[in-house]
Amino acid sequence: MRCVIFDLDGTLVDSSQDLIAAANACFVQKGVGPMLDPIGDAGTAVRGGRAMLRLGLSRLGPVDEAEVDRWYQPLLDAYEQDVSSHTRFYDGALDAVAALRDDGYAVGICTNKPEGLARRLLSELGALDQFASLIGADTLPTRKPDPAPFWAAVEGAGGDRATSLIVGDTATDFKTAQACNVPAILVTFGPDGDITQELTSEGKISHFDQLAAEVSRLIG
């Protein structure tokens, strides 16, 4: 089957406010108060927990990676307590996914969010059963942009490697596509939209109603 694999945060869902809330909970626990802005720092949120911790710590002084490592698990613990209060699918996302399935495409997810948290989020949003595969940051020994997680998502969805592509929102997704020698469609409406505009991916969309045409153009 032709196959479309999606990134999650910043691509299918806007989860930046819940992610930043979890990071700020760590800074509060540390005794320095919230260090991240839910709107202004949304672009860092989609790059993961450690990126948020580094940004917040950088506002206090030089960043010690040991301190980033120390607070990473507390951040995950805080996030697990509330993964979906402010997280929503982008406009048209689920309709676009359903249309792909109806047209005979296999669809799955490959995210650098820990798999358990990704499953919990999708379950709470009522959409876990919309995707035939889900590969997270800790499903395999490696994570994006290593090609192994992407191929695992393709195969888990019942897709064909030769007619597969990735839909994402960051340079990590772009590099994953390059590593796998598959097309990338980058969304420009996510928090990292300015950066994705600069990447020379095979396709770009500014709304999910453009996805079907781009997918058809790239993999048939």
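This is a predicted model: local features need pLDDT of at least 70, side-chain atom pairs count only at pLDDT 80 or more; totals for chains, interfaces and linings use all residues.
User: Which residues lie nearest the centre of the largest pocket?
Analyst: Val 46, Arg 47, Gly 48, Asn 112 and Arg 143 lie nearest its centre, and 28 residues line this pocket. A pocket here is an open set of points on a 1 Å grid over the protein atoms alone, where a 1.4 Å probe fits, with protein on both sides within 12 Å along at least five of seven lines; lining residues have an atom within 4 Å of a point.

User: OK. How much space lies in the largest pocket?
Analyst: About 490 Å³. That volume is the space filled by probe spheres set on the points, with grid points joined across faces, edges and corners.

User: Which helices each supply at least two residues of its lining?
Analyst: H3 (49–58), H4 (65–81) and H8 (171–180). Helices (H or I, at least four residues) and strands (E, at least two) are DSSP runs, numbered from the N terminus.

User: Which one gives the most to the lining?
Analyst: H3, with five residues.

User: How do the lining residues divide into nonpolar, polar and charged?
Analyst: Twelve are nonpolar, six polar and ten charged. Ala, Val, Leu, Ile, Met, Phe, Trp, Tyr, Cys and Pro count as nonpolar, Asp, Glu, Lys and Arg as charged, and the others, Gly among them, as polar.

User: Back to H3. Which of its residues are buried?
Analyst: Gly 49, Ala 51, Met 52, Leu 53, Gly 56 and Leu 57. Buried means under 20% relative accessible area, exposed over 50%, partly exposed in between (1.4 Å probe, protein chains only).

User: And what covers them?
Analyst: The cover includes H1, H2 (42–45) and H4.

User: Leu 60 next. Where is its place?
Analyst: In the loop between H3 and H4. Leu 60 is partly exposed because its relative accessibility is 44%. Apart from residues within four places in sequence, Leu 60 is in contact (heavy atoms within 4.5 Å) with Lys 30, Val 32 and Met 35.

User: Switching to Ser 15. Is it buried or exposed?
Analyst: Buried, because its relative accessible area is 2%. Ser 15 sits in the loop between E2 (13–14) and H1 (16–30).

User: What does its side chain make a polar contact with?
Analyst: With the side chain of Asp 9, at 2.3 Å. A polar contact is a pair of N or O atoms within 3.5 Å; within protein, one must be able to donate a hydrogen and the other to accept it, and residues adjacent in sequence count only if both atoms are side-chain atoms. Leaving out neighbours within four places in sequence, Ser 15 is in contact with Asp 9, Tyr 79 and Thr 87.

User: On to H10. Which residues are buried there?
Analyst: In H10 (residues 211–219), they are Leu 211, Glu 214, Val 215 and Ile 219. Seen down the axis, these fall within an arc of 100°, so they line one face of the helix. The arc is taken from the directions from the helix axis to the C-beta atoms.

User: Why would residues three or four places apart point the same way?
Analyst: Because an α-helix has 3.6 residues a turn.

User: What is exposed on the other side of H10?
Analyst: Ala 213 and Arg 217.

User: And what do its buried residues pack against?
Analyst: E1 (3–6), H5 (93–102), E6 (164–168), E7 (184–187) and E8 (203–205).

User: Now Asn 181. What is its phi?
Analyst: Near 55°, a positive value in a residue other than glycine. Asn 181 lies in the loop between H8 and E7. Asn 181 is exposed because its relative accessible area is 73%.

User: Last one. Is the peptide bond from Lys 144 to Pro 145 cis or trans?
Analyst: Cis, with omega near 10°. Pro 145 is in the loop between E5 (134–135) and H7 (147–156).

How values were computed: Residues are numbered from 1 along each chain as its sequence is written. Side-chain values use heavy atoms; hydrogens and water are left out.
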